[in-house]
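I opened a new model today and kept notes as I went. Here is what I looked up, in the order I looked.

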Amino acid sequence: MLDSMRIRLTLWHAGVLALVLLVFSAGVYALLARNLQRRTDAGIDAALAAMKHLLAYERAEGDTELEAARNTVAELRYPQTALAVYTADGQLLAETRFGSTQAALPTLPAEVSETARYWTLPLPQDNTENGVRIAAQRVVPATNAAPNLIVVAHSLEQSREEMEALGQVFLLIIPLAVLLAGVSGWFLARKSLAPVATIAARAEQIGAENLSERLPVANPRDELGRMAVTFNSLLTRLERAFAQQRQFMADASHELRTPLYVIRTATEVTLEESAASHDAAPETHDCQQALAIVNEQSRRLTRIVEDMFTLARADAGQRTLEYSDFYFDELLHSTARAAAVLAARKGVTVETALTEETPFHGDEGLLRQMLLNLLDNAVKHTPTGGVVRVQLAQQTSAYEITVADTGSGIPPEAQPHIFERFYRVDKARARSETANGASGAGLGLAIARWVAEAHAGTLTLRQSNANGSVFVVTLPSPSATAENA
Ligand code: ADP
């Protein structure tokens, strides 16, 4: 799941927001708690000052300690606050309560000083979480009078409620905000990553055959746009390198043709002449044998170079099709006849089953080469007494040419590779057979497939087993081509 950049971005987005909100809420919460305590303490301070003042006033009026204490607590009223006056040794003189809040002396009387001291205590008789803020102070209400202890207790219930309300707001808002950030982050990530998906899909389609295609660039100034532009310039360089390589292949195979032709012709002429001269000298015989080998190899080399030349020109886009109108059945018939001559030498029969009149529009020379390659392979791999069957069937919108043999078949592991260039099933056997010219270089099927595809058709191996192989070519019939045009 975390392999998706979209999910990772969304999680980061939501996670960072959650962290920020948590820190922010904790800060606000702590600030509110401190302010509430300050407010409470300020109220308590005011109450203590008022009590001190009133006690002194009552004593100055001539009240006894008890009367002054009672009058003081009776006259002063503060919200959520309890007041109490004690003697210096901790005897309660007078008090007022607020609900269950009582201004009990929070410590030993001796520990109460003239500077007010504060405590935050839980309410012992209250099983809610309400607490109480208490302050105690020693005061001397009149000269020569015994000191009194004054105590103010402020209920913290209201503060707690305020804190709780804020906590609930945070509890509601934080998950909601994080959820909202997650959802919006998800859509944002999808929107901003959409060009990546488009680029990846397009890049996947680009191969050696269509290197001229380029990636879409929505905005060349943003990061993705710059990436696509960089990738496109890489494609341009690759395309140039490929073109140079193809051109080199085409030029090299072209240049090789002439010297090969000269070697072949020279050996043929010399062989013919020496055969006519009836010279039986042993050295002449050795020379003839050597020349025969050179001639055979140059023939084979010529075929390979011709095949390479065809493919190189096709790759470089220089081998344009030379279209003409002809009858496919006639072409198939003549190629089958040519193959039959070779097959007869091996004791292999070539049978043809053709439909009537199959007009076609295409490159006759290339299609002949395609058929010859298929027939050549079929004859080559069929043992004496075997049969090669060629069939031409007219489908609704296509011609289907089947070349079936009763040969040894192609091993299953080799089948996916036979259309690759220079792939031969049994390389050792192929090399050993080169001496008598029976083997190619593994380019025959590659060329045949290119020819079929150049005519908007296909070439496939339909089946191959110990009983033989079946190759099928499908080519769009002229009616289908006309409809598409
Ligand atoms: P080549 O020009 O050397 O014959 P191809 O490209 O025509 O090469 O064929 C590739 C390989 O496929 C060959 O090595 C051959 O062994 C195998 N092959 C092709 N056609 C047949 C067939 N009809 N029966 C058995 N093997 C075949």
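My entries follow, from ground rules to single residues.

**Ground rules**

This is a predicted model, where local features need pLDDT of at least 70 and side-chain atom pairs count only at pLDDT 80 or more, while totals for chains, interfaces and linings use all residues. Residues are numbered from 1 along each chain as its sequence is written, and side-chain values use heavy atoms, with hydrogens and water left out.

I took helices (H or I, at least four residues) and strands (E, at least two) as DSSP runs, numbered from the N terminus. I call a residue buried under 20% relative accessible area, exposed over 50%, and partly exposed in between (1.4 Å probe, protein chains only). A contact, or touch, means heavy atoms within 4.5 Å.

**Entry 1: the cores**

I began with the nonpolar cores. Such a core is a set of buried Ala, Val, Leu, Ile, Met, Phe, Trp, Tyr and Cys residues joined through side-chain atoms within 4.5 Å. Which residues touch the most other members of the largest one? They are F328, L367 and F471, out of 44 residues. Several elements give two or more residues to this core, including α5 (282-315), α6 (328-346), β10 (398-405) and β12 (468-476). Helix α7 gives the most, with eight residues.

I then listed the contacts of F328. Not counting residues up to four places away in sequence, F328 touches T358, F360, L367, L371, L392, I401 and L475. I also found a second, separate core of 18 residues. Among its members are L55, L93, A135 and I150.

**Entry 2**

Next I looked for a partner. Two strands pair if DSSP finds at least two bridges between them. Strand β6 (residues 324-327) pairs with β8 in the antiparallel sense, over four bridges. S324 stands opposite G362.

**Entry 2: helix α4**

How far apart are the end C-alpha atoms of α4 (residues 223-277)? They are 81 Å apart. I checked this against the expected span, which is 1.5 Å times one less than the number of residues. For 55 residues that gives 81 Å, so the two values agree.

The buried residues of α4 include G225, A250, L260 and S274. What covers the buried residues includes α3 (157-205) and α5. After α4 comes H278, with a positive phi near 55°.

M227 is in α4, and it counts as partly exposed because its relative accessibility is 41%. From M227 to P259 I count 32 residues in sequence and 49 Å in space, C-alpha to C-alpha. S253 is also in α4. S253 is buried, because its relative accessible area is 1%. Beyond four places in sequence, S253 touches V305, M308, F309 and A312.

**Entry 3: a pocket**

I moved on to the second largest pocket. A pocket is an open set of points on a 1 Å grid over the protein atoms alone, with protein on both sides within 12 Å along at least five of seven lines; lining residues have an atom within 4 Å of a point. Which residues lie nearest its centre? Of 24 lining residues, they are A208, R246, L311, D315 and R421. Elements α4, α5 and α9 each give two or more residues to the lining. Helix α4 gives the most, with six.

**Entry 4: two loop residues with positive phi**

N144 is in the loop between β4 (131-139) and β5 (148-155). Its phi is positive, near 70°, and N144 is not a glycine. Is N144 buried or exposed? It is exposed, because its relative accessible area is 82%.

A456 is in the loop between α9 and β11. Its phi is positive too, about 65°, and A456 is not a glycine either. A456 counts as exposed, at 63% relative accessibility.

T402 lies in strand β10. T402 is buried, at 12% relative accessible area. Leaving aside neighbours within four places, T402 contacts R389, V390, Q391, V470, F471 and V472.

S477 lies in the loop between β12 and α10 (478-484). S477 is buried, at 2%. With neighbours within four places left aside, S477 contacts T396, S397, A398 and Y399. Last, S477 and S159 are 318 residues apart along the chain, and their C-alpha atoms are separated by 91 Å.

Note on methods. On a 1 Å grid over the protein atoms alone, a cavity is a set of points where a 1.4 Å probe fits but cannot get out, and a pocket is an open set with protein on both sides within 12 Å along at least five of seven lines; lining residues have an atom within 4 Å of a point.
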